[in-house]
Amino acid sequence: MKHTQPVHDFLKQRFDITLKIWHTIFLDPQDKSVKNIQPILDAMDPIPLNALYQVTQVSKSAALALTLLYQEDSPDKERLSLQDALNVARVDEHFQQSKNGFVEGSHDFDKINTLTTLASARSVVQLAMLRDF
C-alpha cells in the first residue's frame with residue numbers, strides 16, 4: 001500500500017479518479033470515477049498515448065502509467081522516481097521471487113526491460129510536450 005499510495009493520490013488530485021484497493025478477491029466493481037479516463041485518452045496526442053500504452057503493457061497498470069508520465073505537471077507533489085515506478089510495476093514478481101527464488105537470465109532481463117520502457121516513455125512524453133506543431 002505504501003508504494004502505491006502516491007499513484008492513488010495523484011490520480012485523485014489530477015484526474016479525479018478514485019481506485020478501490022482489495023486485499024482479497026474483489027466482489028464489487030471499481031468506483032465510477034474510473035470512467036473519467038476516457039476523455040483524457042481521447043484528448044491525448046498519439047505519441048504520448050503510445051507511451052502510455054507501452055508503460056501500461058509492461059507494468060500492467062494504466063494508473064501507474066498516468067502517474068509516471070504526467071506527475072511532473074503537479075508542482076506541489078514529489079515526482080514518482082523510476083525506481084519507485086519499477087517497484088510498483090514488479091510487485092507481483094517481487095512476491096513470487098520471495099517465494100520461489102530469483103531466476104538469473106530471466107528476472108534480471110525482465111527488470112531491465114521494464115526500467116528501460118519506463119524511462120523511455122517518460123522521456124518521449126517530455127519531448128512531445130516540447131514540440132510546437
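## Close-up views of a predicted helical model

The chain of this predicted model averages a pLDDT of 85, and 92% of its residues score at least 70. Here pLDDT is the predictor's confidence in each residue, on a scale from 0 to 100. Where pLDDT is low, the predicted coordinates should not be read in detail. Residues are numbered from 1 along each chain as its sequence is written, and side-chain values use heavy atoms, leaving out hydrogens and water. Local features need a pLDDT of at least 70 and side-chain atom pairs count only at 80 or more, while totals for chains, interfaces and linings use all residues.

**View 1. Helix 3, from end to end.** Helices (H or I, at least four residues) are DSSP runs, numbered from the N terminus. How far apart are the end C-alpha atoms of helix 3? They are 20 Å apart, which agrees with the 20 Å that its 14 residues should span at 1.5 Å a residue. The expected span is 1.5 Å times one less than the number of residues. At the start of helix 3, a side-chain oxygen of Asp 45 comes within 3.1 Å of the backbone nitrogen of Ile 47. Just after the helix, Lys 60 has a positive phi of about 65°.

**View 2. The buried face of helix 3.** Which residues of helix 3 are buried? They are Pro 48, Ala 51, Leu 52, Val 55, Val 58 and Ser 59. Buried means under 20% relative accessible area, exposed means over 50%, and partly exposed lies in between (1.4 Å probe, protein chains only). Seen down the helix axis, these buried residues fall within an arc of 135°, so they line one face of helix 3. The arc is taken from the directions from the helix axis to the C-beta atoms. Their packing partners are helix 2 (37-43), helix 4 (62-70), helix 5 (82-89) and helix 7 (107-130), with contact meaning heavy atoms within 4.5 Å.

**View 3. Glu 93 and Lys 60.** The structure holds 3 salt bridges, each a side-chain nitrogen of Lys or Arg within 4 Å of a carboxyl oxygen of Asp or Glu. In one of them, the side chains of Glu 93 and Lys 60 meet at 3.5 Å, N to O. This pair links distant parts of the chain, 33 residues apart: Glu 93 is in helix 6 and Lys 60 in the loop between helix 3 and helix 4. Glu 93 counts as buried, at 18% relative accessibility, whereas Lys 60 is exposed, at 58%.

**View 4. Asp 110 and Arg 90.** In this salt bridge, the closest N and O atoms of Asp 110 and Arg 90 are 2.7 Å apart. Asp 110 lies in helix 7 and Arg 90 in the loop between helix 5 and helix 6, so the pair ties together parts that are 20 residues apart in sequence. Is Arg 90 buried or exposed? At 2% relative accessibility, Arg 90 counts as buried, while Asp 110, at 28%, is partly exposed.

**View 5. Around Ser 33 and Asp 16.** Ser 33 sits in the loop between helix 1 (5-15) and helix 2, and is buried at 11% relative accessibility. Not counting residues up to four places away in sequence, Ser 33 touches Asp 16, Ile 17 and Thr 18. Asp 16 also meets Lys 12 in a salt bridge (3.0 Å, N to O).

Definitions and conventions:
Helices (H or I, at least four residues) and strands (E, at least two) are DSSP runs, numbered from the N terminus. A polar contact is a pair of N or O atoms within 3.5 Å; within protein, one must be able to donate a hydrogen and the other to accept it, and residues adjacent in sequence count only if both atoms are side-chain atoms.
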